[in-house]
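Welcome, and thank you for taking a look at this model. Let us walk through it together, one part at a time.

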Amino acid sequence: MISGAEIMVKCLEAEGVKVVFGYPGATICPFYDKLYDSEIKHVLVRQEQNAAHAASGFARCSGRPGVCVATSGPGATNLITGIATAYTDSIPLVAITGQVRSDLLGRDVFQEADITGACEPFVKHSYLVSRTEDLPRVFKEAFHIASTGRKGPVLIDIPMDIQLREIESFEYPDSVNIIGYKPNVKGHAVQVKRAVEAIRASRRPLIVAGGGVLSSGIKPKFRKFADTTRIPVISTMMGIGVMPSEHDMYLGMLGTHGKAVANRALYEADLVIVCGARLGDRAVAAPHQMSENNTVIHIDIDPAEIGKNVKTEIPIVGDMKNVLAMLNEEIGDYQVPNQWQEAVKAWKKDLYRVPPKFEGFVEPRSLVANLSSMLRSKAILVADVGQNQIWCANNFRIREGRFLTTGGMGTMGYSIPAAVGAKFARPTRDVVVVCGDGSFQMSLNELATIAGNGLAIKIIIMRNHRLGMVRELQDFNYKGRHSATILKGDPDFLKIAEAYGIDSAEANSNEEAEEILKGVVKSDKPFILVCNVYPDTPSI
Amino acid sequence: MQYTLSILVENQAGVLSKISGLFSRRGFNIDSLAVGVTNDPRVSRITIVANGDEYVIEQLEKQLNKVIPVIKVKRLTEGAFISRELILIKVHCPAAKRAEIIKTAEIMQAKIVDAAPNCVTVEYCECNSRVNTLIDLLKPYGIREIVRTGTIAIDRGSAGVSV
């Protein structure tokens, strides 16, 4: 005989899960009891939302679905923001929640919450398991759904009696058959032909690369395609890292907070090839105007994204991996006209400008720009949300590594737990967090997770005693009335670090900051650097 | 523009809320919705009538297709499908008006299914526009209550929606 809880653990083992992030509670105790005997590493976070963010960071760096676990009621509802963040950014997660006994469902007993109902708009799919026998199929389907098609979070809610009940035997299915879920990944040959004809006919083609290129796991092939065709590339926030920042045909991030040259290229292009991107309002402020100047080819695995924000002449539904292979075959030795290449090269000179310094402060954009050279080439930079996110997105010189941030939901407090997940996925890589003093305080409780697991994560706090991004918004749109954006009563972050047993330092100039960082970035211990930043430093 | 969607779904808990959520999340109202099991007990059919422009309908169709338990979505072509709605109307009916109301029902081929001293209940099964005509005809007598099932629809000829 085998209990539901033991089946849950065996399902995770069968899926090759090595690490789960979670927080226990009464209704998930049967599972935790069986997990105790398993080889699977459980990382105890300090709040459930961070379990979801950590699983997200893990998923993005490992290419496998991240797993997070919480108990019923408040444990489950705390997960929601993390699940919603992963959903908007198309990150594969499997979230497991305990639930009250099935015979008590709907009676508002202690720690009962309708979590499948509450998560409905934020999950790719969800299960409320009603029979112990269903667990293997549900887990198999959940991992399949999370990691195929357009990736995303799947929730499995399991009442306590289902976990406790024992059944005869356990067998993990080797395939799934979900009648309503057959994502089209292939790519339509005729559409690809049309796309290549359009590329050949265009004089100024441009690629807009999004997170889909990264989640498809084809970065090297994508780079090769861009290299051989010499088609210039700009990226969305989620697409940062598809090209090395220094590539001569790469013009940075587009959008309202992006690079002027990237937006200029988008405006001047006569053909735009959108690869795995939604083109949300922060990427293209007036999407309906975009296709007035140019022809749009949109490649996406999710047919619902094509035509949603931008009018598209040539839609191609499919996985970037397959479509890129087809494009490659069809396009032969095509190269972009020289004139367009020269124009891009000229703009490239304007991509990175050295921002003015303020005496007695760290200039955050310059610090981020120099950060890359201190790190190994595969370093992972995790940015939070606010001005720090824009400073990082626009100035970090990415090479072979990753840039993690929440592009869609913009969830403050994402960076520290996501870095925890990233470090578990890639323990040998440098993992650096850049956050603000606002976002740091949204998840500083996770310093305990970092300290407790001895994770060599380096945290750079850009401290301006402000909620900088909102304050900037107030300067532009609300007559400079700084309503609730001045941080008062903040603790001494160095003492906080000390209390967690983490080494730390403070810097008041870039020279000082870089000197400190050079000494610690490659160490095997965590570190916190507090950078005092001039409060009026702009985002861009 | 009014449109009719015929949706095949897996017959399981929570599907209806997933589907109606796609509408409510976008602030769209559903004019009518009818659900019933098909010849395959594992599959239910949902018929939705709603209003929206071409962009909205296309988006909804695509979003519906993304819902995992949704098997198939078809927008029925105007004029190429048969639709029916069952309606029960309780009409105020003093003895003096009874003959008149019975005559009206007869003209429309509706049935009187219940009667009381001062009211009658009319049953009618027809397409949406004829149902509305009957309501208009009965309005002057005073309608006390209306219960409608929502529209169900099927393609004309051999065309259809199947798994």
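Which strands of chain A does helix 3 lie across, and at about what angle does it run to strand 4? Keep in mind as you look that this is a predicted model. Helix 3 of chain A, residues 48-62, lies across strand 2 (19-22), strand 3, strand 4 and strand 5 of chain A. Its direction is at about 170 degrees to that of strand 4 of chain A.

In chain A, six strands make an open sheet with parallel pairing, and their order is 3-2-4-5-7-6. Strand 3 (41-44) and strand 6 (125-128) of chain A are the edge strands, each pairing on one side only. From one strand to the next, the twist averages 20 degrees.

Now look at one pair within this sheet. Strand 4 of chain A, residues 66-70, and strand 5 of chain A, residues 93-99, are paired in the parallel sense over five bridges. Here you can find A:Val67, which stands opposite A:Val94 in strand 5 of chain A. Helix 4 of chain A, residues 74-88, also packs on the sheet, where it touches strand 4, strand 5 and strand 7 (153-159) of chain A. The direction of helix 4 of chain A makes about 165 degrees with that of strand 5 of chain A.

Next comes a pair of helices. Two packed helices are described by the angle between their axes and the distance between the axes. For helix 1 (residues 4-14) and helix 6 (residues 135-147) of chain A, the angle is about 30 degrees and the axes are 10 Å apart. Angles under 35 degrees count as roughly parallel, so helix 1 of chain A and helix 6 of chain A are roughly parallel to each other. Their crossing is right-handed. On the side of helix 1 of chain A, the contact is made by A:Gly4, A:Ile7, A:Met8 and A:Cys11, while helix 6 of chain A brings A:Leu135, A:Pro136 and A:Phe139. By class, the residues of this contact are six nonpolar, one polar and no charged.

How is chain A divided as a whole? Its domain assignment gives domain 1 (2-165), domain 2 (189-348) and domain 3 (364-532). The centres of domain 1 and domain 2 of chain A are 36 Å apart, taken over C-alpha atoms. Six residues from domain 1 of chain A and six residues from domain 2 of chain A take part in the contact. On the domain 1 side, these are three polar and three charged residues, with no nonpolar ones.

Chain B has two parts to find: domain 1 (2-75) and domain 2 (81-152). Taken over C-alpha atoms, their centres are separated by 29 Å. Six residues of domain 1 of chain B are in contact with six residues of domain 2 of chain B. Strand 2 (30-37) and strand 3 (43-51) of chain B each give two or more residues to the domain 1 side, and the largest share, three residues, comes from strand 2 of chain B.

Finally, see where the two chains meet. This contact takes 15 residues from chain B and 12 residues from chain A. On the chain B side, helix 1 (15-24), helix 2 (54-66) and strand 4 (70-75) give two or more residues each. Helix 2 of chain B gives the most, with four residues. The chain B side as a whole has five nonpolar, five polar and five charged residues.

Conventions
Residues numbered from 1 in each chain as written. Chains lettered and ligands numbered in written order. Predicted model: local features only at pLDDT ≥ 70, side-chain atom pairs only at ≥ 80, totals over all residues. Domains from an automatic or database assignment. Contact = placed C-beta atoms within 7 Å. Nonpolar A, V, L, I, M, F, W, Y, C, P; charged D, E, K, R; others polar. Pairing = 2+ DSSP bridges. Axes fitted to C-alpha atoms, helices over the stretch in contact; angles between N-to-C directions. Parallel < 35°, antiparallel > 145°, perpendicular 65-115°, else oblique. Left-handed = near helix turned anticlockwise from the far one by under 90°.
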